[in-house]
Amino acid sequence: MSGRRIAGVGAGLVAGLAIGALLTLSLQGAAVIPDAGPARDDEADVTVAEQQAEAFLIWTSGGLPATFRRDVRGLDGIDRAVVVASDNTWLERSWSGQGEVVDDPRPGYRIPFEVAAVQPRQYAAFLPPADRPVTLALADGQGVLGQSSATLRGLGPGAVLRIDGRRIEVAAILPDELVGANELLVSRDVGRSIGVVRDRYALIVPERRVTPKRLERMVRPILPANLPARARAPGDTPYFRQGDAVLPPVAIKQLFGEFAARPRPGQPAFLTLDPAWVRRNIVTERVPLLGSVTCHVAMFPQIRGAIGEIIDAGLRDTIHSFSGCFASRHINRDPTAGISHHSWGIALDINVQQGNLFGQTPHQDPRMVDVFETWGFVWGGTFITPDGMHFEYHRSPAED
């Protein structure tokens, strides 16, 4: 794979963190769209509305139930909705609009690549009017790159991606906030052909002004009783997508580099990363209180800073055990889930056996949590399904 995209963390931190400043779907887009040619019969379906819908986000842990897409449109108080599927796929190769090979991982390896799939006509109402013609291209089987994804790859309209054996031509580039910070947006038909089938989140326009909590109550009847849901109002979060508390994969790639990988034989939930990427980015060092730590090389200043402050504050006894950082695998060891951020070596697991297993009510000392958050980590104890052991890179500690 080209060294151009093994992002240098210094410049990458600045460029990647710009994604965090993006707002939500209430912003006006700026798609890069080639000449669409003659008008189609269904063009009015995507251009008639004068204003972009001001959408709320709702998502659930592990994905929405298969019936949600059908049931949400029958709820009282909902004006319109679109459900977005999103899954990790595998990018095998890419070509520029001029036919030059851009992505070409070493034999046996492919690049993890997050793709979203939508019903184009439904999605049109959630785009600014100037950007709605891209949904015609989606309906024709083409794809739309998010701006960060396009910048990371150096690709534009006319480029071709080969994903799980299917060639997809890039029709346009949209701002990240209009594609949920996914790397590529396609139609549901194309998505099914490359394994994008899990409904992850919905964009909903209520008929009247509501709060996020009110929206959660409105959709509760069509969700399983034990499935937690989280709603966000416009402007509440920079990432209008599932798992909005953490950085999306494309932002992590910008900050920490992109790797190619392959499933381990007999262990499909675990990955073998390109050894060259691992040699450049993953190192092992000794850290007070934690012991031997294997993480991304760029993480050690923040890890040492947080641990140093914990020691200086007399909080040594708040850290009882350390269970690792770098682990190349899928989330929750589920091969149908996305790539765990542990695969980049940017998350720490602390005090696992002190009542902080995934799904348990967390038992971390809030003073220790505060220190890690000051140093730019997000704590998993606040996730929709608590992950009390988990502390993950989220921002530079210099940010407010």
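## A helix wrapped up inside

Let's begin with helix α9, residues 249-256: eight of its eight residues are buried, so this helix is largely enclosed by the rest of the structure. The buried residues of α9 are P249, V250, A251, I252, K253, Q254, L255 and F256. Just after α9 comes G257, which takes a positive phi of about 100°. Please keep in mind as you explore that this is a predicted model.

Is E183 buried or exposed? E183 counts as buried because its relative accessibility is 1%, and buried means under 20%. Leaving aside neighbours within four places in sequence, E183 is in contact with a group of residues that includes P249, V250 and K253. Others among its contacts are P112, F113, V144, L145, G146, S149, R153 and E258. E114 is also in contact with E183, and the side chain of E183 reaches the backbone nitrogen of E114 at 2.9 Å.

## The whole chain

Now let's step back. The protein chain has twelve helices and 16 strands. Of its 400 residues, 54% are buried. The accessible surface comes to about 16500 Å², and carbon and sulfur atoms account for 50% of that surface.

How do parts of the chain that lie apart in sequence meet up? Take the contacts with a separation of 6 or more: 73% of them join residues 24 or more positions apart.

You will find G108 in the loop between β2 (78-95) and β3 (111-118). Its relative accessibility is 57%, which means that it counts as exposed, the cut-off being over 50%.

Which residues does G108 touch, leaving aside its neighbours within four places in sequence? The answer is A261 and R262. G108 and R262 are 154 residues apart along the chain, yet their C-alpha atoms are separated by 6.9 Å.

Strand β1 covers residues 56-60, and five of its five residues are buried.

Which strands does β1 pair with? Four bridges join β1 to β8 (residues 199-206), and these two strands run antiparallel. Here L57 stands opposite L203 in β8. Four bridges also join β1 to β9 (residues 229-232), again in the antiparallel sense. In that pairing, T60 stands opposite A229 in β9.

Another part of the chain holds an open sheet of three strands, in the order β14-β16-β15, with antiparallel pairing. Its edge strands are β14 and β15, each of which pairs on one side only. On average, neighbouring strands of this sheet are turned by 20° against each other, direction ignored. Three bridges link β14 with β16, and D349 has H390 in β16 as its bridge partner.

Helix α12 lies across β14, β15 and β16, and runs at about 145° to β15. Which residues of α12 (residues 366-374) are buried? They are M368, V369, V371 and F372. Seen down the axis of α12, these buried residues fall within an arc of 160°, so they line one face of the helix.

Look next at the two ends of α12. D365 caps the N-terminal end, with a side-chain oxygen 2.8 Å from the backbone nitrogen of R367. Just after α12, G376 takes a positive phi of about 95°.

The loop between β14 and α12 holds N356. This residue counts as buried because its relative accessibility is 0%. Leaving aside neighbours within four places in sequence, N356 is in contact with N351, P362, H363 and Q364, as well as with G388 and M389.

Conventions. Residues numbered from 1 in each chain as written. Predicted model: local features only at pLDDT ≥ 70, side-chain atom pairs only at ≥ 80, totals over all residues. Heavy atoms only, no water. Buried < 20%, exposed > 50% of the residue type's maximum accessible area, 1.4 Å probe, protein only. Arc of directions from axis to C-beta. Polar contact = N/O pair within 3.5 Å; in protein donor to acceptor, adjacent residues only side chain to side chain. Contact = heavy atoms within 4.5 Å. Pairing = 2+ DSSP bridges. Axes fitted to C-alpha atoms, helices over the stretch in contact; angles between N-to-C directions. Areas by Shrake-Rupley, 256 points an atom, 1.4 Å probe, with all protein chains shown as cover.
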